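Reader: Hi, can we go through this model together? I'd like to start with the inside.

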Amino acid sequence: MDTTTHALPPADGLWTDLRMAGRPGGDRHAIAVRDGTVAWTGPMAGIPAEMARMRLFDGHGAVATPGLVDCHTHLVYGGLRANEFAMRLAGAGYEEIARAGGGIAATVAATRAASEDALFASAGRRLRSLLDEGVCAVEIKSGYGLSLEHERKQLRVARRLARAYGLTVRTTFLGAHAVPPEFAGRGDAYIDLVCREMLPALAGEGLVDAVDVFCERIAFSLAQTERVFRAARDLGLPVKLHAEQLSDMGGAALAARYGAMSCDHLEHLSAAGIEAMRVAGTVAVLLPGAYYSLRDKTVPPIAALRAAGVPMAVATDHNPGTSPVQSLLLMMNMACTLFGLTVPEALEGVTRHAARALGLQDTHGAIAAGRPANFVLWAVDEPAELAYWVGQRPAATVVRKGRIARMGDAR
């Protein structure tokens, strides 16, 4: 049964004795929350008199960060694909599995067969794992229905999850994820359906916040991708792209020309793609879970992205086939150990830059006066522990959308 944010107690009050991640020095800080919004934050020595009279929450020296943001997930789907894990261990590659009827097609069949309530229940279990780690906002893509009826079902579930669990959910229409079996060999005809029927209908129902495409040899071409982008632009919807995961298709540069919020994966990203993203202000979303699961050998061009000043976000890419990951903290660790991010870069990658990748930069990813109260108190001695530990979930207290989603002893 769905619950609502209002079942959670309000976080209004003065949260004291906090160590703010990213702020130098040993000063202890405080956060004042009023009507679900951060009213003030700063060193405890400077607490305004009117704030000092508020209800007190003692942070006991906890490390405080903004609420985490998982900016690339496929949380809503039917079935599992553990058999493909075994196939990959036996030597099968991503494209071989897809061409054998596995991959996305297998999940499409299971998702179409599942009811909306069944999808809601299974996605809720997966979402709770992320919430336990301090995630306060998440993107959820469709793309496992590949028909109007079943894409609608996925997006409706995503909206239900937002209401039931009291977090911010951004929905992304990924109808151009794969060619469904009934359109086999007729990719252009399927793109016609996506652009002329599916996207307008779903956008008209208020179910779509952004539009994505899987631009790859086994999915959709540059020309087909641009058709979807044009349809999104005509409806006033922002775009993003699964880009350069398996090969350099030039998708990142195309997406940047359409002002894409993000380009994701990027293992084969070219210098031209990096420059286009820099000019457009497009966020690079790194997905180390897929890189790890696929046993990829090509690392995204981190040094070049860093040198160009392209913001780098980190996300789980949770999906049943190529990134069965339910831990954003583990992705921080992998982004550091596999891709070479620094700890501050990884933390910004799951807060500030991840929020920007979803268009949430004004409400999430930072603790600042005037913003909704989304923050986490961590039972750690230093922020580096968030990326250091593997398997530990040190989130003690989580304030989400101005309410206390979890309350624990910080130390």
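Predicted model: local features only at pLDDT ≥ 70, side-chain atom pairs only at ≥ 80, totals over all residues.

Reader: Okay. How many cavities of 30 Å³ or more are there?

Author: A search of the whole structure turns up 1 cavity of that size. The largest cavity holds about 110 Å³ of space. In its lining there are 13 residues, and those closest to the centre are Tyr94, Tyr144, His177, Asn319 and Thr322.

Reader: And how does the lining divide into nonpolar, polar and charged?

Author: It has 4 nonpolar, 7 polar and 2 charged residues.

Reader: Switching to Glu133. Where is it found?

Author: Glu133 sits in the loop between helix H5 (116-131) and strand E6 (135-141).

Reader: Buried or exposed?

Author: Glu133 has a relative accessible area of 1%. Buried means under 20%, so Glu133 counts as buried.

Reader: What does the side chain of Glu133 have a polar contact with?

Author: The side chain of Arg393, at 3.2 Å. A polar atom of the Glu133 side chain also lies 2.9 Å from the backbone nitrogen of Leu328. Beyond four places in sequence, the contacts of Glu133 include Leu68, Trp378 and Ala395.

Reader: Now Asp212. Which strand does it lie in?

Author: Strand E8, residues 210-213. Asp212 is buried too, at 1% relative accessible area.

Reader: Which side chain makes a polar contact with the side chain of Asp212?

Author: That of Lys141, at 2.8 Å. Leaving aside neighbours within four places in sequence, Asp212 is in contact with Lys141, Thr172, Phe173, Leu174, Lys240, Leu241 and His242.

Reader: Back to Leu328. I see a helix there. Why is H13 largely enclosed by the rest of the structure?

Author: Because 8 of the 10 residues of helix H13 (residues 328-337) are buried. Leu328 is one of them, and others include Met331, Asn333 and Cys336.

Reader: What caps the N-terminal end of H13?

Author: Ser327 does. A side-chain oxygen of Ser327 lies 3.0 Å from the backbone nitrogen of Leu330. Ser327 is also among the contacts of Glu133.

Reader: New topic: rings. How many aromatic pairs are there?

Author: The count comes to 8 aromatic pairs. Take Phe229 and Tyr258: their ring centres are 5.5 Å apart and their planes are at 55°, so the pair is tilted.

Reader: Which parts does that pair tie together?

Author: Phe229 lies in helix H8 (residues 222-234), and Tyr258 in the loop between helix H9 (251-257) and strand E10 (262-265), so the pair ties together parts 29 residues apart in sequence. Phe229 is buried, with a relative accessible area of 0%. Tyr258 is at 18%, so under the 20% cut-off it is buried as well.

Reader: Are Tyr291 and Phe339 buried or exposed?

Author: Tyr291 is buried, with 10% relative accessible area. Phe339 counts as buried at 6%.

Reader: Last one. Which residues form an aromatic cluster?

Author: Trp15, Phe57 and Phe375 form one.

Technical notes
Residues numbered from 1 in each chain as written. Heavy atoms only, no water. 1 Å grid on protein atoms, 1.4 Å probe; cavity = no way out; pocket = protein on both sides within 12 Å on 5 of 7 lines; lining within 4 Å. Points joined across faces, edges and corners; volume = space filled by probe spheres on them. Nonpolar A, V, L, I, M, F, W, Y, C, P; charged D, E, K, R; others polar. Helix = DSSP H or I, 4+ residues; strand = E, 2+ residues; numbered from the N terminus. Buried < 20%, exposed > 50% of the residue type's maximum accessible area, 1.4 Å probe, protein only. Polar contact = N/O pair within 3.5 Å; in protein donor to acceptor, adjacent residues only side chain to side chain. Contact = heavy atoms within 4.5 Å. Phe/Tyr/Trp six-rings, centres within 6.5 Å; stacked < 30°, edge-to-face > 60°.
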